[in-house]
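Morning, everyone. I have one structure to walk through today. Please have a look at it first.

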Amino acid sequence: MSSADRSEAPIYARLVEEHGDVPAETRRVAEQTLREADRAIDFSDVRPPVAFR
């Protein structure tokens with residue numbers, strides 16, 4: 001958070017200092033979860049059985 005943000009939203013800045021930046025942490029975890037889900041459902045290596053080719 002920049003100093004301009006702190007002066008415009010002192011309550012938010014204080015909450016971030018006390019509890020951490022919850023929205024940023026939530027965004028980080030969501031992005032990590034999406035990457036893991038993409039890997040878990042990646043079917044690019046799956047090939048049809050020989051009988052169906």
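Predicted model: local features only at pLDDT ≥ 70, side-chain atom pairs only at ≥ 80, totals over all residues.

Let's start with the fold. The protein chain contains three helices and zero strands. Follow the sequence along and the pattern reads α-α-α.

Now, how much of the protein chain is buried? Of its 53 residues, 2% count as buried. Buried here means under 20% relative accessible area. The protein chain exposes about 5000 Å². Carbon and sulfur atoms supply 58% of that area.

Next, helix H2. This helix covers residues 10-19. Does H2 lie largely in the open or largely buried? Count its residues: there are 10, and the number buried is one. So H2 lies largely in the open. What comes after H2? Gly 20 follows, and its phi is positive, near 90°.

On to charges. Side chains of opposite charge can pair when their charged atoms come close. How many salt bridges does the count give here? It comes to two.

Arg 14 forms a salt bridge with Glu 18. Their closest N and O atoms are 3.1 Å apart. The cut-off is 4 Å, so this pair is within it. Where do the two residues sit? Both are in helix H2, four residues apart, so about one helical turn separates them. Arg 14 has a relative accessible area of 55%, so it is exposed. The cut-off for exposed is over 50%. Glu 18 is at 48%, so it counts as partly exposed.

The other pair is in helix H3. Glu 25 forms a salt bridge with Arg 28. Here the closest N and O atoms are 2.7 Å apart. The two residues are three apart in H3, so again about one helical turn lies between them. Glu 25 counts as partly exposed, at 40% relative accessibility. Arg 28 is partly exposed too, with a relative accessible area of 40%.

Which residues make it? Ile 41, Phe 43 and Val 46 do. The patch has an area of about 350 Å². Let's look at Ile 41. This residue is found in the segment after helix H3, which spans 22-40. Is Ile 41 buried or exposed? Its relative accessible area is 53%, so Ile 41 is exposed.

To recap: the protein chain has three helices, two salt bridges and a nonpolar surface patch that includes Ile 41.

How values were computed
Residues numbered from 1 in each chain as written. Heavy atoms only, no water. Buried < 20%, exposed > 50% of the residue type's maximum accessible area, 1.4 Å probe, protein only. Areas by Shrake-Rupley, 256 points an atom, 1.4 Å probe, with all protein chains shown as cover. Patch = residues over 30% accessible without salt bridge, like charges linked within 9 Å, V, L, I, M, F, W, Y side chains within 5 Å. Salt bridge = Lys/Arg side-chain N within 4 Å of Asp/Glu carboxyl O.
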